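Dear colleague,

Please find below the structure that I am handing over to you, followed by the findings on it. I would be grateful if you could read the two together.

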Amino acid sequence: MVSDKQTLIQRIRTASKKEPADLVIKNGKIIDVFSGELLETDVAITGGMIVGLGNYDGKKVIDARGKFISPALIDAHVHIESSLLTPGAFSDVLAAHGVTCAVTDPHEIANVLGATGIRFMLERAKESSIDLFVMLPSSVPATSFEHNGATLNADDLEPLFAYNNVLGLAEVMDFPAVLNADPLMVDKLVVTQKHSWRIDGHAAGLDADGVNVYKAAGIRTDHECVNIEEAKDRLSRGLYVMIRQGTVAKDLSQLIDLVNETNSRRFLFCTDDKYPDDLIQEGSVDHNVRMAIQSGIDPITCIKIASLNAAECYGMREKGAIAPGYEANFLLLDDLDHFSIGQVYAHGKLIVENGKAIRAHTNSAVKAEEHPLTWPNLSPEQFRIKIGASKKAHVIDIIPNSLVTRDIIEEVPVNEGQFIFSEDRDNLKLAVIERHKGLGTVGLAIVKGFGMKSGAIATTIAHDSHNLVVTGCSDEDMIAAAERLKDIDGGMVVVNNGQVIAELALPIAGLMTDAPAEEVAEKLKELREAASSLGVSDSFNPFLTLSFLSLPVIPDLKLTDTGLFDVRAFKHISVSVD
């Protein structure tokens, strides 16, 4: 928006050709997201804003002959913490993939450090090479069925609306609280509507009646659709549908066939949770764009979904298009059908060329509050799972590359009334250990689908309360993994026969590191290789899959530090089936 009279006068004089523009892009083909056409004309830029299309003179001229001029991309919903990077390093990776704006939800660090964690992310966002907007976490804690590190009520959130880059309320995931008009949830919705109309949803598994409730409460988006019928329910009730393609949740191929010329304006692209190695290799929402194009959707429609649609959804009136009055956030594409990015501009300045940031961020003096891992000494006795005479148990069956799990009841191996590891049946022990306040709670379950033959893997990234989650073939290796994470202040680790064979330290709240993206990606590669050496399948990311096994708002079965949780019934259940 125009901040002063002189700036507005300068724009008008440049637009009317009374003064030359700061920068003119000539001979390129403009992707017009309004008409769906290609325009061959100049783009005039002054003060970081597009001021005209037509024939213009500029103080600097760029010849874009043979290239397409596209609006830069917007990730409509992402958790920076899931990249394991701080906002500056994260922004460098996104910029390299044509993303100059992201709508972020610091839900993860908020569940560890509360409002202090959100302020840390807001201050670090100022160092970013792109625009990072924040939706304030709605569910801290996510549910009342587990222990986390903080609690945020409406009174805690309201002061944060004073930040210019705070847009609204992030994904409302506690559906029962909305359904029952829980006073604490209603207070958050009311406070948000006092400052903003932007409220994101998290309607995992909700039927049409549930979507009615969400929409009536003022919720406007959902990124949890996993099939076309769910997406139709949300579209018909006026929600924007975010098509997610992250590291674990990969929904684009299930949803993209629903997109057509009539409804395409109601879709957005997002990544939600994506590891840095995948961000570097695949990309951010540019990967969504390429996949959608390959699925047969018109390239300009795909670009519109990733730019103008997201901007309009969140009220970003000056983003998302190549037109006068819009910020000069654009890409020079070498090829439209393959969406190959040559250069990236943000606010009229070149920030990326040939996939490399022109100037990388430097680490900030802004530090996160220390949050050491806290739990009592662990013993094998705390990892015992009693099984009844039937020898049958509820088993969490993972679905590769999905946040959803299956609840299967099957006979499990038992010795003296205790569950034991079975390589033949692919049954592993799973534990979630409270790590914030030293409560000593340990939830136990049986999980199927990792394929592990020996050892253990563990992480302090355990959505959404971020306790410690560990799975393995022996109690001793699981304990060794947990204790190593305490030594390095959180992160990820692979242990075999009591020895650490790979690790990544994440000392910022047990979630992030100040290390550069390339270094983190290399560490993740070592962790994947170490996990593979234990027999873990290469068909999915085991650490991100592990981190979501503790998320008690995604069906069917999950594990919290207080026990096995049936998401469909929204209550804890016994592992043993008697």
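Helix α7 has a face turned away from its buried side, and the residues P183, V190 and K194 on that face are exposed; exposed means over 50% relative accessible area, buried under 20%, and partly exposed in between, with a 1.4 Å probe and protein chains only. Helices (H or I, at least four residues) and strands (E, at least two) are DSSP runs, numbered from the N terminus. The buried residues of α7 are M185, K188, L189, V191 and T192. Because they cover an arc of only 165° around the axis, they sit on the same side of α7; the arc is that of the directions from the helix axis to the C-beta atoms. Their packing partners are α5 (154–157), β11 (166–172), α6 (175–179) and β12 (199–201), where contact means heavy atoms within 4.5 Å.

This is a predicted model, in which local features need pLDDT of at least 70 and side-chain atom pairs count only at pLDDT 80 or more, whereas totals for chains, interfaces and linings use all residues. Residues are numbered from 1 along each chain as its sequence is written, and side-chain values use heavy atoms, with hydrogens and water left out.

At the start of α7, the backbone nitrogen of L184 has a side-chain oxygen of D182 within 3.0 Å. The 13 residues of α7 (residues 183–195) should span 18 Å at 1.5 Å a residue, and the end C-alpha atoms are 19 Å apart, which agrees; the expected span is 1.5 Å times one less than the number of residues.

Helix α9 (residues 228–236) has E230, A231 and R234 as its buried residues. These fall within an arc of 95° seen down the axis of α9, so they line one face of the helix. Exposed residues E229 and S236 are carried by the face turned away from the buried side of α9. The cover over the buried residues of α9 includes α8 (208–216), β13 (221–222), β14 (240–244) and α10 (252–255). At the start of α9, a side-chain oxygen of N227 comes to within 3.2 Å of the backbone nitrogen of E229. After α9 comes G238, with a positive phi near 85°.

In helix α12 (residues 285–294) lies D286, which counts as buried because its relative accessibility is 1%. The side chains of D286 and R290 are joined by a polar contact of 2.6 Å (a pair of N or O atoms within 3.5 Å; within protein, one must be able to donate a hydrogen and the other to accept it, and residues adjacent in sequence count only if both atoms are side-chain atoms). Apart from neighbours within four places in sequence, D286 is in contact with L73, H97, F339 and I341.

A pocket is an open set of points on a 1 Å grid over the protein atoms alone, with protein on both sides within 12 Å along at least five of seven lines; lining residues have an atom within 4 Å of a point. Of the 37 residues lining the largest pocket, D131, L132, F133, K319 and H347 lie nearest its centre. Strand β18 supplies the largest share of this lining, four residues.

With kind regards

Note on methods. 1 Å grid on protein atoms, 1.4 Å probe; cavity = no way out; pocket = protein on both sides within 12 Å on 5 of 7 lines; lining within 4 Å.
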